Amino acid sequence: KKVLLFFGMIKRIKGLEILLEALAKVKDPDILLVIAGKTWEDDFSIYQDIIDKHDLNQYCIIRNQYIPSEDVNHYFSVADLVVLPYRRISQSGVLMMAVSYQKAVLCSDLEPFKEVVVDSKTGFLFKSENVDSLAENITFIFNDEALLKKVSIDGFNLINTQYNWIAIGELLKNVYKSM
């Protein structure tokens with residue numbers, strides 16, 4: 001199976017329903033969506049209704065719970081593609097974590113994501129809140145395994161050069177010096 005991962009706190013602004021609707025359009029028996037994280041300020045029934053409506057239970061593994069630190073690596077190790085279909089974002093720990101695990105990411109084309117993700121180079125972007133764009137991208141990415149692997153490596157290299165702790169420390173030091 002090709003594994004999509006939606007990881008982290010589940011809340012409306014993170015767009016899980018967009019991903020579920022896209023999965024319904026793709027409905028590839030070789031694709032499995034792992035949803036790992038605890039629902040926050042919502043009831044998971046919103047998402048379960050979409051899963052039931054489109055008969056997606058066989059395409060989903062749901063871990064609607066807090067994921068302990070010692071289990072995080074298990075989720076990222078099985079993922080082929082981490083999907084971040086967010087509606088709004090200021091920053092994303094999940095993005096940085098995914099790329100640090102050398103996993104390709106598929107993100108909404110929101111500006112904070114575009115600061116890190118260059119489409120088809122260091123990750124993949126789809127048109128925010130557009131189910132068809134997300135579905136098309138999932139299909140495109142899984143039909144080009146060489147590109148998926150290259151993007152995973154290039155994203156990892158970007159994190160290790162531009163976003164490592166030494167580089168971040170230098171940037172912070174320069175901000176303090178400029179004050």
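## The largest pocket

The lining of the largest pocket divides into nine nonpolar, six polar and two charged residues, in a structure that is a predicted model. This pocket has a volume of about 250 Å³, and among the 17 residues that line the largest pocket, Phe7, Gly8, Met9, Lys14 and Val94 lie nearest its centre. Helix 4 gives the most to this lining, with three residues.

## The second largest pocket

The second largest pocket has a volume of about 170 Å³. It is lined by 11 residues, and the closest to its centre are Ser90, Gln91, Ser92, Pro112 and Val116. By class, seven residues of the lining of the second largest pocket are nonpolar, three are polar and one is charged, while helix 4 and helix 5 each supply at least two residues of that lining.

## The cavity

The structure holds one cavity of 30 Å³ or more, and about 30 Å³ of space lies in the largest cavity. The residues that line the largest cavity are Leu95, Val99, Val105, Val116, Val117, Thr122, Gly155, Leu158 and Ile159, which divide into seven nonpolar, two polar and no charged residues.

Helix 7 provides the largest share of the lining of this cavity, three residues, and helix 4 and helix 7 each supply at least two residues of it.

## Helix 4

Helix 4, which spans residues 93-100, has Val94, Leu95, Ala98 and Val99 as buried residues. Because these residues cover an arc of only 125° around the axis, they lie on the same side of helix 4.

The buried residues of helix 4 pack against strand 1 (2-7), helix 3 (69-78), strand 4 (81-84), strand 5 (104-108), helix 5 (111-114) and helix 7 (145-162). Just after helix 4, Gln102 takes a positive phi of about 60°.

## Helix 1

Helix 1, at residues 16-26, is mostly covered, with nine of its 11 residues buried. These buried residues are Leu16, Glu17, Ile18, Leu19, Leu20, Ala22, Leu23, Ala24 and Val26, so that Glu17, for which relative accessible area is under 20%, is counted with them.

The elements that cover the buried residues of helix 1 include strand 1, strand 2 (31-36), helix 2 (45-53), strand 3 (60-63), strand 4 and helix 6 (131-142). Helix 1 is followed by Lys27, whose phi is positive, near 35°.

## Cysteines

A search of the whole structure finds zero disulfides. Cys60 is in no disulfide, and the nearest cysteine sulfur, that of Cys107, is 20 Å away. The sulfur of Cys107 has that of Cys60 as its closest cysteine sulfur, and because the two are 20 Å apart they are too far for a bond, given that a disulfide requires sulfur atoms within 2.5 Å.

Both cysteines fall below the 20% cut-off for burial: Cys60 counts as buried because its relative accessibility is 11%, and Cys107 counts as buried because its relative accessibility is 0%.

Terms used. Residues are numbered from 1 along each chain as its sequence is written. This is a predicted model: local features need pLDDT of at least 70, side-chain atom pairs count only at pLDDT 80 or more; totals for chains, interfaces and linings use all residues. Side-chain values use heavy atoms; hydrogens and water are left out. Buried means under 20% relative accessible area, exposed over 50%, partly exposed in between (1.4 Å probe, protein chains only). Helices (H or I, at least four residues) and strands (E, at least two) are DSSP runs, numbered from the N terminus. The arc is that of the directions from the helix axis to the C-beta atoms. Contact means heavy atoms within 4.5 Å. On a 1 Å grid over the protein atoms alone, a cavity is a set of points where a 1.4 Å probe fits but cannot get out, and a pocket is an open set with protein on both sides within 12 Å along at least five of seven lines; lining residues have an atom within 4 Å of a point. Grid points are joined across faces, edges and corners, and a volume is the space filled by probe spheres set on the points. Ala, Val, Leu, Ile, Met, Phe, Trp, Tyr, Cys and Pro count as nonpolar, Asp, Glu, Lys and Arg as charged, and the others, Gly among them, as polar.
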